[in-house]
Amino acid sequence: MAARTERSALANWWWTIDRWMLAAIGALIVIGLVLTMAGSPPVAERLGLPPFHFVHRQALAIFPTIAVMLLVSFLTPRQVRRAALIIFVIAMGLIIAALLFGHEVKGSRRWIFGVQPSEFLKPAFVILAAWAFSEGGKRKDVPGNFLAIILLPMTIAPLILQPDFGQTLLISIVWGALFFMAGLHWFWVFGIGGAGFGGALLAYKFVPHVRARVLKFLDPGSGGGIVDTFQVDTALDSFLSGGWFGKGPGEGTVKRILPDAHTDFIFAVTGEEFGIAACLFIASIFAFVVLRGLLQASRNDDPFCRFASAGLVLMFGIQSAINMAVNLHLMPAKGMTLPFISYGGSSLISLAIGIGFLIAVTRKRPGERIIASAQAQREGRAAALKGHEAARREIYP
Amino acid sequence: MADGRETDRNLGAGPGGAPKAGSGRLKAFFVKLFSTNLGKSPLRIKLVACVFIGLYAVIAGKLIWFGLHQEPSIGSKRSGDIIAAARPDILDRNGAVLATDIKVMSVFAEPRRIIDKDEAVELLTAVLPDVDASDLRKRLGSRKGFIWVKRAVTPQQQQEVYRLGLPGVGFLPENKRVYPNGPIAAHVLGFANLDGVGISGLEKYIDGQGLADLHGAGFSLTPESLAPITTSLDLKATYAVRDELAKGVAKFKAKAGAVVILDVNTGEVVALASLPDYDPNTPADALDPNHINRVSVGVYEMGSTFKAISVAMALDQGKVNLNSRVDARSSLRYGRFTIHDFHAQNRVLTVPEVFTFSSNIGAARLALMVGVEGHKAFLRKVGQLTRLHTELPETADPLVPKNWGELNTMTIAFGQGLNVSPLQAMMAVGALANGGLLVNPTFLKRDEQAAKRNAPRVIKPETSESLRYLMRLNAEIGSAKKADIPGYFIGGKTGTADKIVHGRYAKDRVFTTFMALMPADKPKYLILTLMDEPQGLPETAGYRTAAWNSGVVTGKIIERVGPLLGLPPRFELPTQPFPLLAKLGYGMANIPQSGGREH
């Protein structure tokens, strides 16, 4: 790659991004393609499509994914905020259009023009929320916290109407975590926690669909007559039949009867063909991305970048954890894909935007440290001075 | 509120940012409450990271758990799609087949490969008329890869389906369970369902012995590779017993009836019939609650047959001997209850007379001599107060009175107030007869040694011989005369219990039992016949007591199955049938009372 002395935009990008993060994401994309080859042929056969139909489509989607991710990662934080605002407005418009004009698939209106706009809403929402929280913390003249608080109901209302409880849950958790990380008073941490618990309880009590799922998880027999735990049981059979090192690529048999083997339950297929060891490896990549992202975020000086990177990583982490937990029957079934591994075009592009944003906001920016330390100097604080010295040493080693 | 102060400082809100003293602390409090604190966020983010470490640790832990626990799940979960498994043959004690597997073909369809569903439904239902057309159309319309059209078709039907030439319709060989003897021994065998899973009776017992585990582990078993199960039943005797019982039930217009022949030395159930019954080849009939096994699932007040237990208890504990006398001059009063005798003699009775006249007063007085606690302990010792466990999964707990007082002891002494299963009562009477060992009944073949190895002694051999003498005496001069078939030296005891209807004893509905010991000198078989609500007939002079119905049926059964079970009639009376009693000074026991009716 470019020498460190080179000052071109590309060289600058290469030396300032988090290259470990990029490598981990690259590994996930490659693993995802391999696992799609394992998980999707039986599904394609069941649908009467050529066996590699989904593999081809996924492979084709990889190119725009990588392109979008890299392009987005070149943005400055200011551009990131603008891009997020634009994406948010467009996605919201499409979601409302889907609600009004979209046709129903499996009981909900999520699709319009071949895409699922709620997927694109997620990274944009995180950026906007991070923006609002950082402004709310920094300045008194902008009602940042107030904006952040009204952003949540605005975003999840159309999702509840779809209905899409998986995305609602995800967005609410990320929002709550952002608020928590912004330094919310402990009073509210417990207050909102209690409200969330109460909300879950109310949903259980009054939304039959949620209640049915929870009951089905706790006691499969309570569903009234027919015990339908086929999907989860089959997923567990997959892990058991795979053992530590799996049956080998293409040797899986349980996957042939596993519904959603290429999307929500691809982790189970991995367990059958590549073994529990491979599953542990994939889980460790996700853990690496999430933990590294959060630690980097905690060290980031710019509040917006800190919240944005923490929020994006959180969303990525929660999605992966929920999907794996569902596969392992630690949680009731939720329509949640495994990031970069599960099949799905909209989801890939949305993830690309999210990771692009993440890389963009975690780039090392000496300028901001200098500005910050200069401000601190004006206020005559020794602590900040030390930071300034540290920054100087970092920039001019 | 240290948090709040920190908030203000870190917010760096210029000189005017400090809360004004005048506008009140309340406002300051709310400002603190609603403002966030950027200074805290690095620590908070690390907290969130810790939560994630926990989440991923749980996921990794569950994965590792899967790696360490690799026992395959039992395949019966998806039994709808598996092929009926092989089961071992079930044989009677002489090797005759009671249940076996046969190979049959089953028709399946792959809905996704069927071109014209309506045509397929039309043609298939024409060949297989008992397949429901609308249901088949619905299932063919599903997106499943495999459905059963009909399990176990005949070879002719298979040929016809084959000739239809429908794509997406095929055959799979399966094992079908067949019970060649129909309802004979149905309650013992139970049945297995279409998938080869034992649902009741011995079939379920076999599954519990590891067969289901073998299937679950994926062993493809053939009937040839499985050792057959040899039961204790004798097919011919069971047939004869059921036949005689059916005639008896029809004649006396009883609601139900049952007969068991128990080998008192080995505990083997040699024959069992319970009517009404069902044909295990059409297992749906087994679900009718009227078709239960009355011998082990039903619990009943056994009536006077329990007097044998009471007399044995009193004799064994030395409270009385065979010459003792018991006051039965007048009815026995207890509080507002009065106990009468059915054949009231209104005099002092000897112990043998208590037995042969079936005196309620006498039995109650004998039990009172032992006392409430002693009575309970003895009944527990002979297995009447706890559930009887045999190979059959279908058993019932006895109904024991909660507050057991003197009145309970008095009524239970003559068989009212304690409900036990008939097989349970037979186990106790068998112990009274066989020399005093309580042998647990079994439905599998077993020899005497194995049976007596863990059989506890419950009464002394002398007591047992006394009981045999009393039962023999009862057959010679008492209520069991109807079953005293010449040449078999039968002993017997009748029992008639009033049934409880709407919480009170009904005078016109009875439950009759008859226990016969054959032969009484060297006991081999104990035969129990019971009838539920037999009616009085003109030829029984309107009597509906046990001797007139259960006793008569038992006599016919003895006559018919004796030779089948290797007991030909003896033409010589045993000269010393009760040697122990003779030694004890009861020489009269060996003198026939009936003046040589045996010949």
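Q: In what order do the five strands of the open sheet in chain B stand?
A: This is a predicted model, in which local features need pLDDT of at least 70, side-chain atom pairs count only at pLDDT 80 or more, and totals for chains, interfaces and linings use all residues. Residues are numbered from 1 along each chain as its sequence is written, chains are lettered from A and ligands numbered from 1 in the order in which they are written, and side-chain values use heavy atoms, without hydrogens and water. Strands are DSSP runs of E with at least two residues, numbered from the N terminus, and two of them pair if DSSP finds at least two bridges between them. The pairing in this sheet is antiparallel, and the order is β9-β8-β18-β17-β16.

Q: Which strands are the edge strands of this sheet?
A: An edge strand here pairs on one side only. That holds for β9 and β16 (491–501) of chain B.

Q: How many residues lie between β8(B) and β9(B) in their hairpin?
A: Strand β8 (residues 256–263) pairs with β9(B) in the antiparallel sense over six bridges, and B:L262 stands opposite B:V269. In the turn, B:G267 has a positive phi of about 75 degrees. The number of residues between the two strands is five.

Q: How many residues of β9(B) are buried?
A: Buried means under 20% relative accessible area with a 1.4 Å probe, protein chains only. Strand β9 (residues 269–275) of chain B is mostly covered, and the buried count is seven of seven.

Q: Which residue of β17(B) stands opposite B:T494?
A: Strands β16(B) and β17 (residues 504–518) run antiparallel and are joined by ten bridges. Opposite B:T494 stands B:F514.

Methods: Buried means under 20% relative accessible area, exposed over 50%, partly exposed in between (1.4 Å probe, protein chains only). Helices (H or I, at least four residues) and strands (E, at least two) are DSSP runs, numbered from the N terminus.
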